Amino acid sequence: MQNLNYLLNNHYYAAFTYRHFAQCNLALVQSKFMPDKQVVPHTPHSFALQTTYPGLLLGLGGTHQAGTNIEGNKEDGTEIKLGFTLDYVTGLPIIPGSTVKGVLRSAFEKYRDDAIAADLYAEMKDIFGGDNNTGDDTQRGKCIFYDAIPVGAGKDGRLLGLDNITPHPSPLKDPIPLTMLKVIPGVTYLFRFDLLRCKNAERVKELFREILLGLGIGAKTNVGFGVLAMVAQQPEYRMLIQEGVVQSNSSAASSRVARQNPAAGVCQHPNCGRPAPQRPDGSYHRFCQPHYIEFMGKKRSK
């Protein structure tokens, strides 16, 4: 899959013609996602959710248009005139961690009296950190919000599609249709958090999931965009553990590591058995990532 960020934000305006825009649009929506070639940075607390009809809009407020100096016939194609968020390096349609954090934090504020979240509201500052709006930003939040990234494609292995909105600038004028890019229905996103330093980490994670399922994410949620659904089966993905070591999250891979070196490669924490990350020199850590962080925390407190 070519880098879609380069295609949309650079090559797209290599020529100012409707025919060129049409070719770029076709390349964007027909690009196939190959998750088997993606290394997914896994975190201790993560879950997968799937986009539904009509899709997901990201970065709609960004500028993306050529103006009026476009050559050719409008019948030859159409220009994408609204922005869209694509990762600079991978070109994937990511949901920035700041966006995820903003949606969740605003939900904590709005639904503070809800029975589900009431007891956790007291921990809001502990989870999210100080509120910049009040100037109280002295406390860092204990939750780390990572970018949500696609780990499964929609129909025909695709991620993206085209859609239109038609704003009405005046009741006496015809509406102006604007073409935009969107994430199509059926794309699976992995939402990733590090809640190891939070109290009630599992409850916080489940509440995050419920908020995203209930409120959606992205632009135009009031007209149905950004609605998320549970996936029938959590996807298999490769795990990027600290120190740059890639391992699989499957039990088969864990047993394979153990067979290669029975005395190493497995967490030595009692009753754990998860893979322990490998150092660049080929040796293994004593613990898996969560227990390594726990071990280092105890070591620093002594």
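The expected span of a helix is 1.5 Å times one less than its number of residues.

**View 1. Helix α3 and its span in the predicted model**. Helix α3 takes in residues 97–110, which is 14 residues. At 1.5 Å a residue these should span 20 Å, and the end C-alpha atoms are 20 Å apart, so the two values agree. Buried in α3 are Gly97, Val100, Val103, Leu104, Arg105, Ala107 and Phe108.

**View 2. Helix α2 and its buried side**. Helix α2 runs over residues 18–30 and holds 13 residues. From its first C-alpha to its last α2 reaches 18 Å, close to the 18 Å expected at 1.5 Å a residue. Tyr18, His20, Phe21, Cys24, Asn25, Leu28 and Val29 of α2 are buried. They lie on the same side of α2, because the arc they cover around the axis is only 160 degrees. An α-helix has 3.6 residues a turn, so residues three or four places apart point the same way.

**View 3. Surroundings of helix α2**. The buried residues of α2 pack against α1 (4–9), β4 (160–165) and β5 (178–183). On the face of α2 turned away from its buried side are the exposed residues Arg19 and Gln23.

**View 4. The protein chain around these helices**. The protein chain contains eight helices and nine strands. Of its 302 residues, 43% are buried. Among contacts in the protein chain with a separation of 6 or more, 67% join residues 24 or more positions apart. The accessible surface of the protein chain is about 16,400 Å², and carbon and sulfur atoms account for 51% of that surface.

Methods:
Residues are numbered from 1 along each chain as its sequence is written. This is a predicted model: local features need pLDDT of at least 70, side-chain atom pairs count only at pLDDT 80 or more; totals for chains, interfaces and linings use all residues. Side-chain values use heavy atoms; hydrogens and water are left out. Helices (H or I, at least four residues) and strands (E, at least two) are DSSP runs, numbered from the N terminus. Buried means under 20% relative accessible area, exposed over 50%, partly exposed in between (1.4 Å probe, protein chains only). The arc is that of the directions from the helix axis to the C-beta atoms. Contact means heavy atoms within 4.5 Å. Accessible areas come from the Shrake-Rupley method with a 1.4 Å probe; for residues, only the protein chains shown count as cover.
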